[in-house]
Amino acid sequence: MRIVFKVWNILLLIFTVISAISIISAILGIGEAASKVDGSEKAIGGLALVVGVIGLIPVFLVIFMARAGLKEDYDYAAKLATVALFLDVIGVILADDKTTGIVNVILMVIYIYLAKSLQKNW
């Protein structure tokens, strides 16, 4: 079970780094979406920056969570995963495309189950 949990943490880290790169490139205006923006839409850049920075909060949370999981601090990892689950549920409610959010919720529930099952005093 510990090996599965460590692999799960590594996969979460990889997925999170990819998400972080996507969010940072959107904040900096790099990529296909930024090239389609005309002058009138660039005026809301400050708001996009704030939303992008807020979007990085769950990314950093998952990085700390996976790091705690790799260090076998299952209690702390489960607590951070519970906060991430709460943020994912909010994301599902607010998102137009709910598929990614639902997948994230399922992944967090599995992560919490794995972390709790590895805790000594559950």
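These legends walk through several close-up views of one predicted model.

The model is predicted, so local features need pLDDT of at least 70 and side-chain atom pairs count only at pLDDT 80 or more, while totals for chains, interfaces and linings use all residues. Residues are numbered from 1 along each chain as its sequence is written, and side-chain values use heavy atoms, with hydrogens and water left out.

View 1. Helices (H or I, at least four residues) and strands (E, at least two) are DSSP runs, numbered from the N terminus. Of the 122 residues in the protein chain, 25% are buried; buried means under 20% relative accessible area, exposed over 50%, and partly exposed in between (1.4 Å probe, protein chains only). Take contacts (heavy atoms within 4.5 Å) between residues at least 6 apart in sequence: 75% of them join residues at least 24 apart.

**View 2. Helix α1 covers residues 2–28.** From first C-alpha to last, the 27 residues of α1 reach 38 Å, close to the expected 39 Å; the expected span is 1.5 Å times one less than the number of residues. Which residues of α1 are buried? They are F5, N9, L12, T16 and A20. After α1 comes G29, with a positive phi near 80°.

**View 3. The largest nonpolar core has 18 residues.** A nonpolar core is a set of buried Ala, Val, Leu, Ile, Met, Phe, Trp, Tyr and Cys residues joined through side-chain atoms within 4.5 Å. The members touching the most others are F5, L12, V62, M65, A81, M108 and Y111. Two or more residues each come from α1, α4 (45–70), α5 (74–94) and α6 (98–118). Not counting residues up to four places away in sequence, L12 touches V62, M65, M108 and Y111.

**View 4. D88 in helix α5 is buried without a salt bridge.** A salt bridge is a side-chain nitrogen of Lys or Arg within 4 Å of a carboxyl oxygen of Asp or Glu. For D88, the nearest side chain of opposite charge is K98, 13 Å away; Lys and Arg count as positive, Asp and Glu as negative, and His and the chain ends are not counted. Leaving aside neighbours within four places in sequence, D88 contacts N104, V105 and M108.

**View 5. E72 sits in the loop between α4 and α5.** Most residues other than glycine have a negative phi. The phi of E72, however, is positive, near 65°.
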